[in-house]
Amino acid sequence: MLPEFGYGVLLVSFIVTVYSGFAAVFGVTRKSATLVESARRAQLLTFPLLTAASGSLIYLLVNNHYEVSFVYEVTSRSMPTYLKVTAWWGGQAGSLLFWSWLLALFTSAVTLRKWDRDLEFLPWVIVVSSVTLTFFVGMVAFYENPFTRFWDIGGQVAPSLFAPSANAVLFTPEDGRGLNPLLRHPGMVIHPPMLYLGFVSFVIPYAFAMAALITGRTDDRWIRITRRWTLWAWLFLSLGLVLGGRWAYDVLGWGGYWGWDPVEIAAFMPWLTGTAFLHSVMIQEKRGLLKHWNMVLIILTYALVIFGTFLTRSGVLSSVHAFANSPIGPLFMSFVSLTLIVSVRLLIQRWPELRSETEMKSMLSREAFFLFNNLLFMGILIVCFWGVISPLASELFTGTKITVGPPYYERATGPLFAGLLFLMAIAPLSAWGHSTIQTLGRALWKSALAASLLTLGLVITYTTNPYALTGFFLIAFVLFATLHEFWRGANARMRSQNENFFAALGRLMGRNRRRYGGYIIHISMALMAIGILGIEIFQIETQGTVAAGESLNLGDYRVEYRELASWDDFGAGVNYTRSVVDIYENGVYIGKLHPRIDYYYESQQNMTIPGQHATFKDDLYILLVDWQPVSHEGATFKIFVNPLVNWLWIGCLVFLFGLIFAAWPDKDPADEPVRRKVGVAGRQASAAD
Amino acid sequence: MKKTLIILSIVLAFGAFFTGVAFAQDSTPSDDEVNAIAKQLYCPVCENTPLDVCPTEACRQWRELIRDMLAEGKSEQEIKDYFVANYGARVLAEPPRKGFNWFVYIVPPVLILIGAVILFNSFRAWTRPKSAAPGSGREKEAGVSSSDDEYIKRLEEELKNRK
């Protein structure tokens, strides 16, 4: 009964979304406020409808309804309930439903905002979001139906939504196949929702951009409305990427967090354009420049979001992530192309109206640096896009499969990332409109000198690797320049307001949260760069087979193999093989680690869980590769020392803090009482520098 | 005396030769030596997984194959060539620089260069003196220099506005 109900509401929500789009269009063309309002309500209705559909699916998942093929594929009796719930996005059909549900949530939320001043945007925002939603709900309802059930037709089992013939009876398998064990990790439980949230929330700024193009209200109102949406979208996308990295580091067992896998890149590409967009909208807000470019960026971001979903969901790439294969590729491709063509057509139509209000004055101005930043982000995007596309092109045109792996990406993006670091150091200290070498030099020489001294220190004590030194110099430059900026601001306030340093710093940051949040994010990027440089350049590894009591040496560490035990957990369907090793640093005992291998009987899959010893200096990362099952006398370990890698994760936490600091909603100026209006003006004045 | 020396050196040479042989037979290449090469190769069955970390049985056998080839005295290049000959260019982390594959390497730098040229030209177009749009409020905000005095002034203005 429930599958029919779930599918029923799915169909209804499809119809409602289609209606909402058409009603909005007719509402505008016939100037009928009633129709637009009806469209808005229809849009609002999609959320409870899709919630009901999703709720049905979750109920089926949790209660072992294995006659539903999706439930059969992603859950099994041995799985704990929370994993059964999260299996919702553990497979193709469910994750597309999840995508749709999130999109409905966001579009409903946006239709609930106060529209008084922006009423002309409303119908078009509804149109764009309902077109997107129609596509995804349609995909779920007609191509990737999570409510399909197994039917037994005279001994033959076939999947179908309704009974395929009169004599067919429902077939319920005893147990499900269970979620891919690789996905049963806390990181993987949260990673897809975060990524999807990021993807979905970028639809909102895009919808407003399109509304601005269609209505011809091409001032920066659309940017001001969507500023926070964009920040939150960026936050979720970034979190998704980071959690994915952490998951890979903890679960995939190759000593790294990022493998330049096409699916990682699929999520990284919208992040790149999104980041460029976040920066370049500031130029439009402050200087009225780059209106065309911002449109291009948001269109690209939206297209890459859909393209990314297509890459991960269509199985067009077979990669470590390709858990899903289905024939929905062409549909996705058509949708991406169609939206791109329409968006570009609109952009061209409005091109003359988007002319800049002022002029670029100097190559050393803040806006010029923002442009360089955009060039670099686009450069990285080109490298990534091409790296993902060319194996497909090669297979298509020459019939040969090729791999475009880490060496290509590292070589090509390395200098671009270095350029970004350099800009991160100098751009915040340049002025809008105009800077000269002298003013920039005055603001920066101390930081540059400090960074040079630090680099010199590193040459003497740590490394002479030119790439590492360049990287560390740039990182130090960013850190010093940014911290100096905090110090300078706080100091100025201290003198003028007689506040103590911390009060001054606190007020300064609170005054312009977006700017100082941005600086905190810059600091976090520098911290992450420390970790990335550390693991990329200084990672060492060794592998060897040792008997109990014997040791492997790597760097300052000695790893002594003590014992190994193997046991079955029949309830969970897992065999655990857990080793015990003692670790010594420079001869001093520092603790025990338990690298292990979990073998999942259902899926016949191994999961290698490393033993990790994390410090600020480095990560000792031990994998159990193999063991002798009979005598238990020898075991093979692979050991990595990943220097500085934990700064990557520390950077992520700082990043999170900075972003929330910048994006935390404050009251819409329009909602605040008149008494507070002055404060708002002050905020806007401070936002303008 | 001379004779003894010659005999001795011959014996030593033989000895060295034989111990050399014995040594080569004894030492199987270490895991690290195998991984150093496997790292540069991609698993021919599970796409996008480097061979040194791939946990499948097939890949284990391929690693053993590398070990055997190393023991036979094959060079790194010979081993890579063997894998390419048997499983195609996709086992390499990067496509070989020939034929169609040149596109992989040439397109990104060319596009980035074009982007840089466009950017540079736009700069020249923008910075060419033109009459500025009169009454544009943004112009006022623009001319701020970052000297300390003005910085403080600005902060104070912000403060005043806040009260």
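Biologist: What makes three strands of chain A an open sheet, and in what order do they lie?

Modeller: The order is β2-β1-β3 in chain A, with antiparallel pairing. The edges are β2 (156-160) and β3 (169-170) of chain A, since each pairs on one side only. Strands here are DSSP runs of E, at least two residues, and helices are runs of H or I, at least four, both numbered from the N terminus. This is a predicted model, in which local features need pLDDT of at least 70 and side-chain atom pairs count only at pLDDT 80 or more, while totals for chains, interfaces and linings use all residues. Residues are numbered from 1 along each chain as its sequence is written, and chains are lettered from A and ligands numbered from 1 in the order in which they are written.

Biologist: How do you know whether the span of helix α2 of chain A agrees with its number of residues?

Modeller: The expected span is 1.5 Å times one less than the number of residues. For the 30 residues of α2(A), 33-62, that gives 44 Å, and the end C-alpha atoms are 44 Å apart, so the two agree. After α2(A) comes Asn64(A), with a positive phi near 55 degrees.

Biologist: What makes a set of residues a nonpolar core, and how many residues has the largest?

Modeller: Such a core consists of buried Ala, Val, Leu, Ile, Met, Phe, Trp, Tyr and Cys residues joined through C-beta atoms within 7 Å. Buried means that 20 or more other C-beta atoms lie within 10 Å of a residue's own. The largest core has 209 residues, and Val125(A), Phe208(A) and Val478(A) are among those with the most contacts inside it. Helix α9 (residues 221-252) of chain A gives the largest share, 19 residues. Apart from this core lies another, of 21 residues, including Leu552(A) and Ile583(A).

Biologist: Why is chain A called as compact as a globular protein of its length?

Modeller: The globule rule is 2.2 Å times the number of residues to the power 0.38, and the radius of gyration is taken over C-alpha atoms. For 689 residues the rule gives 26 Å; chain A has 28 Å, which is close, so the description holds. Of these 689 residues, 51% count as buried. Chain A contains 20 helices and 13 strands.

Terms used
Pairing = 2+ DSSP bridges. Buried ≥ 20, exposed ≤ 12 C-beta atoms within 10 Å, placed from the backbone.
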